[in-house]
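This briefing is for a reader new to the structure shown below.

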Amino acid sequence: MKKILFPTDYSETANNAFKYALQLADSKNAELYVLHVYDPPIISGPISPSLVDNVIKRNDFEKLEQLHANSPILKTLRSELNLDHVEVFFKVKEGLLIPEIQNAIDQHDIDFVVMGTDGNNASFHKKILGTNTINTISKVKVPVLSVPKEATYKPLEKIIFTSLFSEEEEETLDQLVEAAEKLGATIKCVHVKQKNCESCIKVYERWKERYKGRPVSFHVFTSDNIEKAIMEFIHSEQPVSMVATIQRPKSFFESILQKSTTQHLAKHLKVPFFVYKAENNNKKFE
């Protein structure tokens, strides 16, 4: 059974992503782990050991998890979608968001993370905002699905896969194509060509033969502005169900303004954005 981790701060953006995560868990018969991380209480001045003990008791995690499980907001969202049957586990942790996400991934053998993002509002002051989603994409070892505030859940029909036309991507593309065939979806594999990339051309020619007759098509562009070319293609293909890519320590994404286009796209897309990890392709989205 798949295991999905959903970090939340109960903001409007996160609640929308929670609905998406619930429906995704239902469609994949997956367990959903809802994680809320909060800052530890600050205790200053001379205090007695008994007072410290009382503070610890008031922060009993099991009671907090029960409170979150019975949150009126989440109960209402589940009822509205008729998804009370989806198995949901609530986890409350004191500490820093990214380390606690990493701990939860290890503890529960999580397959992928779903997070809400509101990249259009840089001043957004809640925990789950564009920056934290981007940090999670960069630092965790499992794939991350970024769900924009505007996104609504829909069955996968059209997937755009941004590609380097690299042999190392073949395993991931195999997984995507296999999933697309099961779901009745199509994949648009898009590549922005760089100068003197002979290996890319060889991979492109080989892939056209390898995936002949399967639900994937290849689209190649030449442009000095990689980000713009990708975004224009995505917009021209609307409606798009999901955009997928692979994050590497170094790739063509990082040729844009010294920062990753993967990160930039995650902040500006209006459709869910799924990021595979180059070092961990054994985790599947399907």
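How many aromatic pairs does a search of the whole structure find? The search finds 13 aromatic pairs. The model is predicted, so local features need pLDDT of at least 70 and side-chain atom pairs count only at pLDDT 80 or more, while totals for chains, interfaces and linings use all residues. Residues are numbered from 1 along each chain as its sequence is written, and side-chain values use heavy atoms, with hydrogens and water left out.

**Aromatic pairs**

- Rings of Phe, Tyr and Trp (its six-membered ring) pair if their centres lie within 6.5 Å; planes under 30 degrees apart count as stacked, over 60 as edge-to-face and the rest as tilted.
- One of the pairs is Y204 with F218, which is edge-to-face, with 6.3 Å centre to centre and 75° between the planes.
- This pair links distant parts of the chain: Y204 is in helix α8 (residues 198–210) and F218 in strand β8 (residues 216–222), 14 residues apart.
- Helices (H or I, at least four residues) and strands (E, at least two) are DSSP runs, numbered from the N terminus.
- F218 also pairs with W207, and this pair is tilted, at 6.2 Å centre to centre and 35° between the planes.
- Because W207 lies in helix α8 and F218 in strand β8, the pair ties together parts that are 11 residues apart in sequence.
- F218 has a relative accessible area of 16% and is buried; W207, at 0%, also counts as buried.
- Buried means under 20% relative accessible area, exposed over 50%, and partly exposed in between (1.4 Å probe, protein chains only).
- Ring pairs join F165, Y204, W207, Y211 and F218 in a cluster.

- β6 pairs with strand β7 (residues 186–193) in the parallel sense over 5 bridges; two strands pair if DSSP finds at least two bridges between them.
- In this pairing K158 stands opposite T186 of β7.
- β6 also runs parallel to strand β9 (residues 242–247), joined by 3 bridges, and I160 stands opposite V243 there.
- Together with helix α7 (residues 170–183), β6 and β7 make a right-handed β-α-β unit. Right-handed means that, with the strands pointing away from the viewer, the path from the first strand over the helix to the second runs clockwise.

**Salt bridges**

- The count of salt bridges is 11, each being a side-chain nitrogen of Lys or Arg within 4 Å of a carboxyl oxygen of Asp or Glu.
- D106 and K141 meet in a salt bridge at 2.6 Å, N to O.
- That pair links distant parts of the chain, 35 residues apart: D106 is in helix α5 (residues 97–108), and K141 is in the loop between α6 (130–139) and β5 (144–148).
- D106 is partly exposed at 48% relative accessibility, and K141 is partly exposed at 45%.
- E170 forms a salt bridge with R206, with the closest N and O atoms 2.7 Å apart.
- E170 lies in helix α7 and R206 in helix α8, so the pair ties together parts that are 36 residues apart in sequence.
- E170 counts as buried at 13%, whereas R206 is partly exposed at 36%.
- A network of salt bridges links E170, D174, R206 and R210.
- Within helix α7, E178 and K182 lie 4 residues apart, about one turn of the helix, and form a salt bridge with closest N and O atoms 3.6 Å apart.
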